Amino acid sequence: MKCLDANVEIPLTLAEQKAAGKRHYEIDLYSRDEKIGFEYLGEDGHSGPIRELRDIRRESILAGKGIVVHGVTNSQAKNVMELERLAKLVVTARGDRWRKPTPEQERAMRRLVNELYGRGPGLDATRFFR
């Protein structure tokens with residue numbers, strides 16, 4: 001993947017705007033090349049019937065644009081195995097073959113997760129996605 005951008009606005013057509021009730025959708029992390037995004041679900045996991053219906057409508061509109069968005073919970077973001085699973089989604093979406101990380105790559109990922117989630121120096125996570 002060439003680049004993951006943070007907080008990317010996806011413009012909507014007039015018909016999509018009418019259905020969505022907004023001019024654009026924003027995706028937390030997005031790869032324009034692969035048309036794959038990741039949405040942080042937060043503590044509540046986007047729960048509740050109205051929120052779930054909005055999420056379904058959003059996913060449907062974005063899918064119509066060829067964009068696939070994966071929801072990521074707080075616990076998944078802190079779990080190295082879950083992050084590896086998400087990385088595999090991105091690699092295979094590109095049509096590339098997935099190769100299991102080496103032990104050194106796994107250690108590096110654990111260090112990154114530890115630093116990002118308060119067990120190390122404070123970091124600006126966006127620098128890792130450029």
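Pro49, Leu53, Ile56 and Gly64 are exposed on one side of helix α2, while Asp55, Arg58, Ile61 and Leu62 of that helix are buried. Seen down the axis of α2, the buried residues fall within an arc of 130°, so they line one face of the helix. Keep in mind that this is a predicted model.

**More on helix α2**

- The helix covers residues 49-64.
- It has 16 residues and reaches 23 Å from its first C-alpha to its last, which is close to the 22 Å expected at 1.5 Å a residue.
- After α2 comes Gly66, and its phi is positive, near 80°.

- A polar atom of the Arg58 side chain sits 2.4 Å from the backbone oxygen of Glu26.
- Leaving aside residues up to four places away in sequence, Arg58 touches Tyr25, Glu26, Ile27, Glu39 and Val69.

**The nonpolar cores**

- Which residues make up the largest nonpolar core? There are 11 in all: Val8, Ile10, Leu12, Ala20, Tyr25, Ile27, Tyr30, Ile61, Leu62, Ile67 and Val69.
- Strand β1 (5-11), strand β2 (24-31) and helix α2 are the elements that give two or more residues to this core.
- β2 gives the most to it, with three residues.
- Take Ile10 as a core member to look up: not counting residues up to four places away in sequence, Ile10 touches Arg23, His24, Tyr25, Ile27, Tyr30, Leu62, Lys65 and Ile67.
- There's also a second, separate core of eight residues, and Leu29, Val72, Ala77 and Leu86 are among them.

**Stepping back to the whole chain**

- The chain has five helices and four strands, and along the sequence they follow the pattern β-α-β-β-α-β-α-α-α.
- How many of the chain's 130 residues count as buried? The share is 28%.
- If you look at contacts between residues at least 6 apart in sequence, 55% of them join residues at least 24 apart.

Terms used: Residues are numbered from 1 along each chain as its sequence is written. This is a predicted model: local features need pLDDT of at least 70, side-chain atom pairs count only at pLDDT 80 or more; totals for chains, interfaces and linings use all residues. Side-chain values use heavy atoms; hydrogens and water are left out. Buried means under 20% relative accessible area, exposed over 50%, partly exposed in between (1.4 Å probe, protein chains only). Contact means heavy atoms within 4.5 Å. A polar contact is a pair of N or O atoms within 3.5 Å; within protein, one must be able to donate a hydrogen and the other to accept it, and residues adjacent in sequence count only if both atoms are side-chain atoms. A nonpolar core is a set of buried Ala, Val, Leu, Ile, Met, Phe, Trp, Tyr and Cys residues joined through side-chain atoms within 4.5 Å. The expected span of a helix is 1.5 Å times one less than its number of residues. The arc is that of the directions from the helix axis to the C-beta atoms.
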